[in-house]
Amino acid sequence: MEAAPNKNAAVRREGSRMPALSTSPFLQPARWRCPQNSPGRQRRHTLPASEFRCLSPEDAISVFEIEREAFISVSGDCPLHLDEIRHFLTLCPELSLGWFEEGRLVAFIIGSLWDQDRLSQAALTLHKPRGTAVHIHVLAVHRACRQQGKGSILLWRYLQYLRCLPFARRALLMCEDFLVPFYEKCGFQALGPCQVTVGTLAFTEMQHTVRGHAFMRRNSGC
C-alpha cells in the first residue's frame with residue numbers, strides 16, 4: 001500500500017510465523033525466451049528477466065531503499081522503518097511480494113494479517129495470525145521504473161495470489177485522497193475515513209474482497 005508514514009511508537013506485534021505455503025502459479029517467474037540460435041541461448045546461470053516472489057529478511061535493505069526514496073520526499077517519513085520491514089518479512093513473508101528484474105528489486109508489497117472490520121492505530125505495527133483481512137502496509141516502485149504501470153500490475157498479481165491463501169477473505173489499505181482513484185481502478189472500494197491518523201495527515205480506508213478463493217484454488221493449482 002502506498003500507506004501512511006509510521007509512528008515512532010514502540011513496535012508491538014503478536015503471533016508466530018505461519019506455515020509455509022506451496023508455491024502459487026502467480027509467483028512463477030515470467031521468463032523471456034531467447035531464439036534458438038541466439039547468443040543468449042548459450043549462456044547459463046543467468047537470472048530470469050522478470051520474477052515475482054515472496055520477500056525474505058535478506059531483501060529488507062533493498063526494500064527500505066526503495067521505500068525511503070518514494071516516501072521521504074512526499075511525507076517526510078516511511079510507512080515501515082527498516083526494523084519493522086525485517087520483522088514483517090520474518091513473521092509473515094508469505095504476505096509480501098517482490099518484482100525482480102535481472103535479480104534487482106523494482107517494486108514490492110508488504111502485508112500482514114488483521115482481525116478487525118476496520119483498521120486502527122494498532123494495525124500499523126501488529127500482525128494478527130488468526131485474522132482474515134490482509135493489511136497492505138506499503139506498495140512502492142523504484143524511481144527508475146515508475147510511470148510504467150508496474151504498481152497496478154504488481155497489485156493485480158498480489159490480489160490473485162491472495163486468492164490462493166485459504167485464510168484470506170479481503171485486503172485492506174489506507175491511502176491519501178489523491179490515491180483513491182488509483183486503487184479504485186484496481187478494484188478497491190472506499191470504506192470512508194480511516195480511524196488512523198499520522199500527525200495532520202488523514203486517510204481513506206479501502207477494501208478489496210478476495211472472492212472465489214476456493215474455486216481459484218481448485219482451478220489454478222494452488
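This report describes the fold, confidence and packing of one protein chain.

**Model and confidence**

The model is predicted. The protein chain averages a pLDDT of 82. At least 70 is the score of 71% of the residues. Strand β7, residues 204-209, has the highest mean pLDDT, 98. Helix α5, residues 213-220, has the lowest, 49.

| Stretch | pLDDT | Contacts beyond four places in sequence |
|---|---|---|
| residues 29-43 | under 50 | 12 contacts |
| residues 212-217 | under 50 | 13 contacts |

**Overall fold**

The secondary structure comes to five helices and seven strands. Starting at the N terminus, the elements follow the order β-α-α-β-β-β-α-β-α-β-β-α. The chain has 222 residues, and 49% of them count as buried. Its accessible surface comes to about 11500 Å². Carbon and sulfur atoms hold 49% of that surface.

Contacts also reach across the sequence. Take those between residues at least 6 apart: 72% join residues at least 24 apart.

**The nonpolar cores**

The largest nonpolar core has 50 residues. L95, F108, I110, L155, L162, Y183 and F188 have the most contacts inside this core. Several elements give two or more residues to it, and helices among them are α1 (60-75), α2 (82-91), α3 (150-162) and α4 (180-185). Strand β3 gives the most, with seven residues.

A second, separate core has 12 residues. Among them are A123, L124, V196 and F203.

I110 belongs to the largest core. Its contacts, leaving aside neighbours within four places in sequence, include L55, V63, L80, I85, F88 and L89. I110 is also in contact with L95 and S96, and with H135, I136, H137 and V138.

**A107 in strand β3**

A107 is found in strand β3, which spans residues 104-114. Is A107 buried or exposed? A107 counts as buried because its relative accessible area is 0%, and the cut-off for buried is under 20%.

Which residues does A107 touch, not counting those up to four places away in sequence? They are L97, G98, W99, A140, V141 and L154. A107 can also be placed relative to C145. The two are 38 residues apart in sequence. In space they are 8.3 Å apart, C-alpha to C-alpha.

How values were computed: Residues are numbered from 1 along each chain as its sequence is written. This is a predicted model: local features need pLDDT of at least 70, side-chain atom pairs count only at pLDDT 80 or more; totals for chains, interfaces and linings use all residues. Side-chain values use heavy atoms; hydrogens and water are left out. pLDDT is the predictor's confidence in each residue, from 0 to 100. Helices (H or I, at least four residues) and strands (E, at least two) are DSSP runs, numbered from the N terminus. Contact means heavy atoms within 4.5 Å. Buried means under 20% relative accessible area, exposed over 50%, partly exposed in between (1.4 Å probe, protein chains only). Accessible areas come from the Shrake-Rupley method with a 1.4 Å probe; for residues, only the protein chains shown count as cover. A nonpolar core is a set of buried Ala, Val, Leu, Ile, Met, Phe, Trp, Tyr and Cys residues joined through side-chain atoms within 4.5 Å.
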